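Please keep the sequence and the structure in view while reading.

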Amino acid sequence: MAVTEQQVERWEAAQTKEEDYWRRDGVIASQVERVTDRYKPVIDKLAAEFPVDAALLDIGCGPTCAGRMFPFRTKVFLDPLMDAYREIYADTLPDAELICARAEEVPKEDGSFDVVMSVNSLDHMVDPDSVLSEVNRVMKPDGAFLLGLFLHSPFIATLRRGVDRFLPFVREDAHPYHYTRATARELLERHFRIEREVMVFRRDDALVPSFHREDRMFICRKQAWKPVAG
């Protein structure tokens with residue numbers, strides 16, 4: 001599906017707001033804490049399945065750079081606002097290759113990475129299908145794609161899409177896509193084989209549990225694969 005001018009304009013507006021958000025005092029500490037608390041237990045378990053000399057690409061990494069929690073020797077971090085993050089967080093960004101680019105056009109050769117990951121970024125992007133095609137391209141044949149994604153109940157996802165269409169003046173520009181577990185799987189299965197899923201975080205409420213979004217990680221493969229022997 002072709003990307004429309006309106007989609008690009010919305011993304012550009014969201015990028016401006018995103019940069020303004022990360023310039024607020026105290027934001028980075030709280031967000032690093034949140035990402036670490038939720039994802040480190042998952043990443044620690046996944047890291048044991050790969051050799052330490054694996055090459056990792058973290059796309060849409062923001063300044064939190066969740067991929068830094070992997071012990072791999074080669075790590076690359078890509079984000080369209082990376083130049084701004086270099087300015088704002090020069091002392092806290094990881095000592096690694098930092099690329100300012102959109103994930104729809106990754107400036108790396110085919111088959112460059114053992115692991116590609118994305119945490120809370122796919123639903124921010126202009127064209128998720130193109131992003132996943134790029135992920136597939138830069139992954140090695142036996143590589144893995146680790147997608148962390150906010151998921152909504154079908155009711156909330158439908159409500160948000162309705163707001164986007166009929167009440168654009170109150171929509172959330174930063175999230176043009178509103179995935180449920182089913183729609184996330186449908187998108188991923190156009191590009192990968194989903195090996196397994198991991199629940200990262202969910203806040204249940206006795207009255208309205210389905211209204212809360214959840215963090216879920218999808219572990220995806222190009223082809224049949226076996227973990228590295230310990």
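## Pocket, cavities and selected residues

Helix 1 (5–22), helix 2 (27–47) and strand 2 (74–79) each supply at least two residues of the lining of the largest pocket. Helices (H or I, at least four residues) and strands (E, at least two) are DSSP runs, numbered from the N terminus. The model is predicted, so local features need pLDDT of at least 70 and side-chain atom pairs count only at pLDDT 80 or more, while totals for chains, interfaces and linings use all residues. Residues are numbered from 1 along each chain as its sequence is written, and side-chain values use heavy atoms, with hydrogens and water left out.

**Overall fold.** The protein has six helices and seven strands. Read from the N terminus, their order is α-α-β-β-α-β-β-α-β-α-α-β-β. The C-alpha trace spans about 50 × 40 × 40 Å along its principal axes. The radius of gyration (taken over C-alpha atoms) is compared with a globule rule of 2.2 Å times the number of residues to the power 0.38. For 230 residues a compact globule would have a value near 17 Å, and the protein agrees because its own value is 17 Å. Buried residues make up 48% of the 230 residues; buried means under 20% relative accessible area, exposed over 50%, and partly exposed in between (1.4 Å probe, protein chains only). Of the contacts with a separation of 6 or more, 68% are between residues 24 or more positions apart, where contact means heavy atoms within 4.5 Å.

Grid points are joined across faces, edges and corners, and a volume is the space filled by probe spheres set on the points.

The largest pocket is lined by 43 residues, and E18, W22, N120, H124 and H175 lie nearest its centre. Helix 1 provides the largest share of this lining, seven residues. The structure also holds three cavities of 30 Å³ or more. Residues lining the largest cavity include W11, H124, A174 and P176, while H175, F150 and R213 are among those lining the second largest cavity. In the table, Ala, Val, Leu, Ile, Met, Phe, Trp, Tyr, Cys and Pro count as nonpolar, Asp, Glu, Lys and Arg as charged, and the others, Gly among them, as polar.

| Space | Volume | Lining residues by class |
|---|---|---|
| Largest pocket | about 870 Å³ | 19 nonpolar, ten polar, 14 charged |
| Largest cavity | about 50 Å³ | seven nonpolar, two polar, two charged |
| Second largest cavity | about 40 Å³ | two nonpolar, three polar, four charged |

**H124.** This residue is found in the loop between strand 4 (113–119) and helix 4 (128–138). H124 counts as buried because its relative accessible area is 16%. Apart from neighbours within four places in sequence, H124 is in contact with W11, E18, A174, H175 and P176.

D215 lies in strand 7 (residues 214–221) and counts as buried because its relative accessibility is 2%. Beyond its neighbours within four places in sequence, D215 is in contact with residues including R34, R38, Y39 and F150. R102 is placed in the loop between strand 3 (97–100) and strand 4. R102 is partly exposed, with a relative accessible area of 34%. R102 and P80 are 22 residues apart in sequence, yet 5.0 Å apart in space from C-alpha to C-alpha.

**Backbone angles.** Most residues other than glycine have a negative phi. C65, although not a glycine, has a positive phi of about 50°. C65 is in the loop between strand 1 (55–59) and strand 2, and counts as buried because its relative accessibility is 0%. N120, also not a glycine, has a positive phi of about 50° and lies in the loop between strand 4 and helix 4.

Notes. On a 1 Å grid over the protein atoms alone, a cavity is a set of points where a 1.4 Å probe fits but cannot get out, and a pocket is an open set with protein on both sides within 12 Å along at least five of seven lines; lining residues have an atom within 4 Å of a point.
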